[in-house]
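Visitor: I have a model open and would like to learn how to read it. Where do we start?

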Amino acid sequence: MTPSAPQGAEGAERAEGAKGAQGAESVAPVGSGTASDLSLRAVLSSRGYALLLVLSVVIGAPIAFAAFLFVSLQHLIQRGVWEDLPEAVGYAEPPWWWPLPALLLAGLVLAPIVTRLPGGGGHRPVNGLGGPPLGPNALPSVLLAALVTLPLGVVLGPEAPLMALGSGLALLAVREAKRDAHPKMATVLATSGSTTAISTIFGGPLVAVVMMVEAAGLAGPQLVVLLLPCLLASGVGALVFTGFGQWTGLSVGALSLPEVPPDVTPDAGDFLWGVPVAVLIGVVVSSAHRLGYATATWTGRRTAWRTVVCAVAVGVLISAYALITGRSPAEAALSGQMTLGALAADPHAWSVGALVVLVLCKGLAWGIALGALRGGPIFPAVLLGAALGIACAGLPGMGATPGLAIGIAAATAVVTRLPVTSAVLAALLMGPDSTNQMPLIAVASVVGFLTAELVDRVKGPAAA
């Protein structure tokens, strides 16, 4: 399962790029260039591609501004539901039963969106970050579903709605007739918009661009043609997004770890435990993800009321976590960015038992949400992996810092099936500690990826 934004640019183009690369002469005189080199130079020097680059820069700023408003509004609503409203009715934190009415409301609102509005609220998150880029007609249902249900605790992230927002606005900037006449240009532009939007929640363009590169595969010159507009648009967008964040002071809840456990150099014990821990994380996250396919199949018929049932089931699981552990249900609800930051800052604030219950309840809730609700699949998986990694930190010779790094890398590789992107994301989240943890991060990303592939092979392919 890979992010699908660039898939529209693949297909025949990837085949053509691969054939061009394979068909070119492997040995050529110095300075002459291969056929692929000459083709790439012709594309890059063409007037149409120059206009595409300019348009990518122009759309980067407004898309970043729209993404900033979207994420800020979602964060404000979320804070109102889980902090301000409980305090207003006399609770220091949400009581254990709080998710039950919240998720019932989410299901009741989402059901007509999924069944009646164009776009159905977006792609099912079990299928990754989506299929082909959604057009402007689908934007209202995507934004409505995300702004109403994500803050209520549907255990999904904002990354898929953000990508839909970016691609929809990018395509809106081009007249429909021109999109139909130049489908390749429209696909590249939509991918640039998606990259710009999702880079806001990843804290910058690096992870988003690496994700697009890895998802596109080794497409030769076609990859360069796709990459440059994405990098330009997301770079300009990051400047705008950062500026508005500093100017307004609004928080968007971007995926980040302000504090991490003390830096340590991995030793033999970390690697001895690191591989089986990464396998464990791969099996757990893969199993929860496969639950999403079963849920998607079940909600394929009688979608409206079964969507409500699934939302209530998610609420029951979140409430169960709060009842069993005595902790706030907000830790198991939502996308997981805040809980991940708190876990990294003070991993010993959770007992091993509480972490296991968090993984069990949130993992089941995430699996159900993947097939029935709407949002992004990545952020909750990152928290599941981090919680499992830190739960295993008490093993002889292992610590919290390696456990956190292994958990983030392995879980991200499982849910995205992009091991390089997973390693980059884990390294950025670990901050200064990433230098020492990089060997473990690299190994965990590969092991997580291979474990997920093996689980799929043993249990058979799952289909929504």
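**Reading the helices and loops**

Guide: Start with one residue in its place. Leu334 is buried, at a relative accessible area of 3%. This is a predicted model.

Visitor: Where does Leu334 lie?

Guide: Leu334 sits in the loop between α12 and α13 (337-345).

Visitor: What is phi of Leu334 near?

Guide: First the general idea. Most residues other than glycine have a negative phi. Now the case here. Phi of Leu334 is near 65°, a positive value in a residue other than glycine.

Visitor: Which loop holds Val155?

Guide: Val155 belongs to the loop between α5 (139-149) and α6 (159-172). Its phi is positive too, near 60°, and Val155 is not a glycine.

Visitor: Is Val155 buried or exposed?

Guide: The cut-off for buried is under 20% relative accessible area. Val155 has 0% relative accessibility, so Val155 counts as buried.

Visitor: Let me step back. How many helices and strands does the protein have?

Guide: There are 18 helices and zero strands.

Visitor: What share of the residues counts as buried?

Guide: Of 464 residues, 55% count as buried. The accessible surface is about 18,400 Å², and carbon and sulfur atoms hold 67% of that area.

Visitor: What share of the contacts joins residues 24 or more positions apart?

Guide: Take the contacts with a separation of 6 or more. Residues 24 or more positions apart account for 79% of them.

Visitor: Now helix pairs. At what angle do the axes of α4 and α12 cross?

Guide: Read the distance and the angle together. Helix α4 covers residues 99-116 and helix α12 covers residues 303-325. Their axes come within 8 Å and cross at roughly 155°. Angles over 145 degrees count as roughly antiparallel, so α4 is roughly antiparallel to α12. The crossing of α4 past α12 is right-handed.

Visitor: Which residues make the contact of α4 and α12?

Guide: On α4, they include Leu100, Leu103, Leu104, Gly107 and Leu108. On α12, Ala304, Thr307, Val308, Ala311 and Ser319 are among them. By class, this contact of α4 with α12 has 15 nonpolar, six polar and no charged residues.

Visitor: What does Ser319 touch?

Guide: Set aside neighbours within four places in sequence. Ser319 is then in contact with Trp96, Trp97, Pro99 and Leu100. Ser319 lies in helix α12 and counts as buried, at 2% relative accessibility.

Visitor: And how do the axes of α5 and α6 cross?

Guide: The axes of α5 and α6 come within 10 Å and cross at roughly 155°. That makes α5 roughly antiparallel to α6. Here the handedness is left: α5 passes α6 in a left-handed crossing.

Visitor: Which residues of α5 and α6 meet?

Guide: Leu139, Val142, Leu143 and Ala146 of α5 meet Pro161, Ala164, Leu165, Gly168 and Leu169 of α6. The contact of α5 with α6 divides into eight nonpolar residues, one polar and no charged.

Visitor: One last residue. Which helix holds Ala381?

Guide: Ala381 lies in helix α15, residues 378-391. Ala381 is buried, with a relative accessible area of 0%.

Visitor: What does Ala381 touch?

Guide: Again, leave out residues up to four places away in sequence. Ala381 touches Val285, Trp366, Ala411 and Val415. Ala381 and Gly407 are 26 residues apart in sequence and 9.5 Å apart in space, C-alpha to C-alpha.

Conventions:
Residues numbered from 1 in each chain as written. Predicted model: local features only at pLDDT ≥ 70, side-chain atom pairs only at ≥ 80, totals over all residues. Heavy atoms only, no water. Helix = DSSP H or I, 4+ residues; strand = E, 2+ residues; numbered from the N terminus. Buried < 20%, exposed > 50% of the residue type's maximum accessible area, 1.4 Å probe, protein only. Contact = heavy atoms within 4.5 Å. Areas by Shrake-Rupley, 256 points an atom, 1.4 Å probe, with all protein chains shown as cover. Axes fitted to C-alpha atoms, helices over the stretch in contact; angles between N-to-C directions. Parallel < 35°, antiparallel > 145°, perpendicular 65-115°, else oblique. Left-handed = near helix turned anticlockwise from the far one by under 90°. Nonpolar A, V, L, I, M, F, W, Y, C, P; charged D, E, K, R; others polar.
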